[in-house]
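Visitor: Could you walk me through some side-chain interactions once the structure is up on the screen?
Guide: Gladly, let me bring it up.

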Amino acid sequence: MSRPLVVAITGATGVVYGVELLRVLRELEVNVHLILSEAACTNLAIETDVEVAEVRALAEVVHSNKDVGACVASGSFRTRGMIVAPCTVKTLSAIANSFTYNLVVRAADVTLKERRPLVLMVRETPLHKGHLELMTRAADCGAVILPPMPAFYHRPATIMDLVHQSIGKALDQVGVEHELFRRWTGHGRTEQPLQAA
């Protein structure tokens with residue numbers, strides 16, 4: 001089996017990004033190790049009709065956020081990377097400062113130190129300077145800061161179209177092939193050859 005992808009869902013609004021990411025990865029037959037924060041479980045009840053047990057069932061392995069001795073807490077356990085979807089500012093802050101107080105942050109820290117892709121789908125708006133500095137610090141350590149910002153060139157018709165475009169961008173960062181949205185191929189104009197001077 002190929003190396004697993006670590007997925008963490010934290011308590012920011014937008015828990016649908018994490019849930020749909022897991023559904024897509026299940027369809028693509030990607031081996032997933034999941035970490036659900038306590039606040040993510042609360043947000044599932046607030047923002048969706050999905051039960052925690054349903055989310056857990058979408059992953060091959062589920063780790064307790066309190067288990068800092070889990071396999072994903074060690075660099076010797078080889079993975080293809082990690083996606084945090086959505087990522088709270090609290091989690092971003094802990095990652096940026098290597099404050100590994102739970103498994104989400106420890107697994108992210110390991111991902112960075114092993115030079116594997118770490119994608120942080122930070123969900124907060126508006127952003128103050130402190131948030132931006134945390135993003136810069138995490139990026140300097142090697143993280144990809146990928147807030148779920150909607151694009152419209154693919155003509156989304158539903159909320160799920162917007163969700164798929166964002167998680168598709170995250171999957172691109174960890175090398176998972178997908179067809180979640182129509183990619184930009186140009187604006188359709190026929191390019192004219194340059195005239196000789």
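Visitor: How many salt bridges does the structure hold?
Guide: This is a predicted model, and the structure holds 6 salt bridges. Among them is the one in which the side chains of Arg23 and Glu20 meet, at 3.4 Å from N to O.

Visitor: Where do Arg23 and Glu20 lie?
Guide: Both are in helix α1, which covers residues 15-27, and they sit 3 residues apart, about one turn of the helix. Arg23 counts as partly exposed at 33% relative accessibility, while Glu20, at 10%, counts as buried.

Visitor: And what about Glu60 and Arg26, which parts of the chain does that pair link?
Guide: Glu60 and Arg26 form a salt bridge whose closest N and O atoms are 3.9 Å apart. The pair links distant parts of the chain, since Glu60 is in the loop between α3 (52-56) and β3 (61-64) and Arg26 is in helix α1, 34 residues apart. Glu60 has a relative accessible area of 41% and is partly exposed, and Arg26 is partly exposed as well, with 35%.

Visitor: Switching topic, how many aromatic pairs are there?
Guide: The structure holds 2 aromatic pairs. In one of them, the rings of Phe99 and Tyr101 have centres 5.4 Å apart and planes at 25 degrees, which is under the 30 degrees needed, so the pair is stacked. Phe99 counts as exposed, at 54% relative accessibility, whereas Tyr101, at 36%, counts as partly exposed.

Visitor: What about Tyr153 and Trp184, stacked or edge-to-face?
Guide: Tyr153 and Trp184 form an edge-to-face pair, with 6.0 Å from centre to centre and 75 degrees between the planes. Because Tyr153 lies in the loop between β6 (144-145) and α7 (159-173) and Trp184 in the segment after α7, the pair ties together parts that are 31 residues apart in sequence. Tyr153 is partly exposed at 31% relative accessibility, and Trp184 is exposed, with a relative accessible area of 52%.

Visitor: One more: His178, buried or exposed?
Guide: His178 is placed in the segment after α7 and is buried, with a relative accessible area of 9%.

Visitor: Which backbone atoms lie by its side chain?
Guide: A polar atom of the His178 side chain lies 3.0 Å from the backbone oxygen of Gly168, and a polar atom of that side chain lies 3.2 Å from the backbone nitrogen of Leu180. Leaving aside neighbours within four places in sequence, the contacts of His178 include Leu28, Leu171, Asp172 and Arg183.

How values were computed
Residues are numbered from 1 along each chain as its sequence is written. This is a predicted model: local features need pLDDT of at least 70, side-chain atom pairs count only at pLDDT 80 or more; totals for chains, interfaces and linings use all residues. Side-chain values use heavy atoms; hydrogens and water are left out. Rings of Phe, Tyr and Trp (its six-membered ring) pair if their centres lie within 6.5 Å; planes under 30 degrees apart count as stacked, over 60 as edge-to-face and the rest as tilted. Buried means under 20% relative accessible area, exposed over 50%, partly exposed in between (1.4 Å probe, protein chains only). Helices (H or I, at least four residues) and strands (E, at least two) are DSSP runs, numbered from the N terminus. A polar contact is a pair of N or O atoms within 3.5 Å; within protein, one must be able to donate a hydrogen and the other to accept it, and residues adjacent in sequence count only if both atoms are side-chain atoms. Contact means heavy atoms within 4.5 Å. A salt bridge is a side-chain nitrogen of Lys or Arg within 4 Å of a carboxyl oxygen of Asp or Glu.
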